[in-house]
Structures are given as structure tokens and as C-alpha cells.
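Please open the structure in your viewer and follow the stops below, selecting each group of residues as it is named.

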Amino acid sequence: MKHPLLSTSAIHTAVWTSLILLQVSCTDSNQNTYRSLDESTNSPSAVYRSQPLVPEESEGLSTRRSTLDVNAWKAASLTDVDLDQYIFVGGGDYIMGDNNNASNGYAPHRVRVKSFYMDKYEVSNLEYCAFLNHTSDIPDYITDWIQLTNEHCRINVLAGTYLVDPFFAEDPVVCVSWEGAMAYAIWADKRLPTEAEWEYAARGGILGRKQFTYSGSDKADEVGWFRDNADFSTHQVGRKEANPLGIYDMSGNVWEWCSDYYQPEYMLMREGKTHLARINPKGPESGQYRVIRGGSWLESPQTLSPSY
């Protein structure tokens, strides 16, 4: 699904043979931020303080919904990466899309993806704030990365320092543009997932033999925050059940950025060859919008489907 708005989008990064995978937030539909490494997981700590939070410069920024390529992971020193931050997603073939979304260009078609790592959680406000404070010497770019004046944004700036509303420190960051998600991913030495990788991970990868309606369950309330249960707000990451891979919040809470341009016909261009798998598709080379996935706290349960 494509979306031009920023308030509800977020980031989820990944790691494998490419650089970085993340998802960042948009203006009208909350999206979550994640970082993924091709073999690890990360759990956020609940942080509630009476004063605005200023991340320490030495404090690591645990990204959510990003991707790390396997080759890049093997080449990295294990001391440089916290394995607990990532979930390994073993590569394989799967049927991407479904007939319910065929009118949006996502009719079922076979896709093959390589192994990668993905963030266990979405990128939090506290994590993204740390990134902003590390890059505060280029303020002209920051205004393109996150909409600080948006009513849903939980990050503020005071005398050049970015601060987090303490009651939303571990909620997924929102109001982040695709460029802001990419900048965060590069800063964290990761990348945003492709749309094919995102859906594969949301379905549970090679463990997703049972095709759930949502990411890990047939009941939306078990795995995600959406308009019927979210009370008009984002929620701390990792509070709902994980999917079969152990990744949280891939249904609901906030929309998540993918690296692809939005062009639904792209996956179906090989008409008459639908039995052949598209291998590691990265999306079209150009377009007006970028892809967001996963639904948000503002949306109906339908948008929480891994194939929506």
C-alpha cells in the first residue's frame, strides 16, 4: 500500500546482503520504525520519567523494522551488534499478495527472498531522538525527516537539543518521512526492508505455514493496535503478541516504511509467467510514492493484514 501522509508512519530496519532496512512514520497514518539484523532480536525497556528524556551520546539506538543482509552480518564483528535486537528471517519462496487486495494490484504471485535479519521491535521515539541529537549539526535536513510540529509527534526541540515526551518514550516514532527513515537506517548501518521482505517477515517467513489473517493471529486484538482498541493513540512497542518469527507490531500500532516505490503492477509484469518466482524484487526504479505496510492505530482491521 502507498501513503502520502506522515503522521502515522514509522521505521523497521533489516540487515543482510544489502545495507539497511527501516520503516519511518508519515503525517496522517502512524507508522513504526524498526531495524532488523538478519539473525537477532531486541527488546525495548520501558522508560517513564517525570522530565523530558535526552538520550546519552553513548547510548545505543536500538532500531526496529530495519534489515541487515546476512553477508553484511557475517562480516561484522559480533561486538559491534547486539544480537538481542534482531530476528533471523530465513529466506524462501512464498505467495505474496492475496485475492482480497487484487484490485489494488496485489493479486497472488510467487516471490523468493534471501535470508536477512529484521528488528524485533519498531523504532521508538527515544531511539529516533538519539539519532536526531547525533545529527543536529545539519538542521536543514531534519525538517525534512520528521514533522516536529505535527500534533502526533512526541519529540520536541529545545535550545538545539531534541527531547522525548517521557510518557511516549517507548512508543514507535511517528511523523517521519521516508527520507527520515532512510537517514536513520544509514546512520544505524542498516537499511529499510523491501516490500517483499516486509510481507515475508510479517507472514512469519519459513515458520508462517499457517496463513493468519494478521501477523501472527486470526484475531487483530491479539497482535495489533488499531482503531477499535488503541484509544486514539500509539502504544509502547512489544505489548501485543509476536508473530511466529518473534517480531512484534507488524500488524497495527503504526504504518511502516519500505524501500520500494509504490507501483502495484510491478510485481505482475511477467504476465503469463506467474508460476515463476520473482527473486529479491526491489520495486520499480521510480514513482511518486513509497510503500508503507502494516496498518496503524487509526485504521480498520483490514489494513493490518500482511498483504494489504
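## A buried glutamate and its partners

Begin by selecting glutamate 195, which counts as buried because its relative accessibility is 4%, where buried means under 20% relative accessible area, exposed over 50% and partly exposed in between (1.4 Å probe, protein chains only). This is a predicted model, in which local features need pLDDT of at least 70 and side-chain atom pairs count only at pLDDT 80 or more, while totals for chains, interfaces and linings use all residues. Residues are numbered from 1 along each chain as its sequence is written, and side-chain values use heavy atoms, with hydrogens and water left out.

Helices (H or I, at least four residues) and strands (E, at least two) are DSSP runs, numbered from the N terminus. Arginine 293 is itself buried, with a relative accessible area of 0%.

Next select glutamate 199, whose side chain meets that of arginine 293 in a salt bridge (2.8 Å, N to O). This pair also links distant parts of the chain, with glutamate 199 in helix α5 and arginine 293 in strand β14, 94 residues apart. Glutamate 199 counts as buried, at 0% relative accessibility.

For another salt bridge, move to aspartate 221 and lysine 240, whose side chains meet at 3.5 Å, N to O. Aspartate 221 lies in helix α6 (residues 220-223) and lysine 240 in the loop between α6 and β12 (255-261), so the pair ties together parts that are 19 residues apart in sequence. Aspartate 221 counts as partly exposed at 43% relative accessibility, whereas lysine 240 is buried, with a relative accessible area of 15%. The structure holds eight salt bridges.

Select β6, β7 and β13, which form an open sheet in the order β6-β7-β13, with mixed pairing; two strands pair if DSSP finds at least two bridges between them. The edge strands, each pairing on one side only, are β6 (92-96) and β13 (278-279). β6 pairs with β7 (residues 109-113) in the antiparallel sense over five bridges, and glycine 92 stands opposite valine 113 in β7. Helix α5 (residues 195-203) packs on this sheet and touches β6 and β7, its direction making about 95 degrees with that of β6. Contact means heavy atoms within 4.5 Å, and axes are lines fitted to C-alpha atoms, for helices over the stretch in contact, with angles running from 0 to 180 degrees between N-to-C directions.

## The nonpolar cores

Select Tyr128, Phe131, Leu132, Trp145, Ile146, Ile155 and Val173, which touch the most other members of the largest nonpolar core, a group of 24 residues. Such a core is a set of buried Ala, Val, Leu, Ile, Met, Phe, Trp, Tyr and Cys residues joined through side-chain atoms within 4.5 Å. Two or more residues each come from α2 (125-134), α3 (139-145), β11 (161-164) and α4 (178-187), and α2 gives the most, with five. A second, separate core of 19 residues includes Val89, Tyr94, Trp198 and Leu245.

Conventions: A salt bridge is a side-chain nitrogen of Lys or Arg within 4 Å of a carboxyl oxygen of Asp or Glu.
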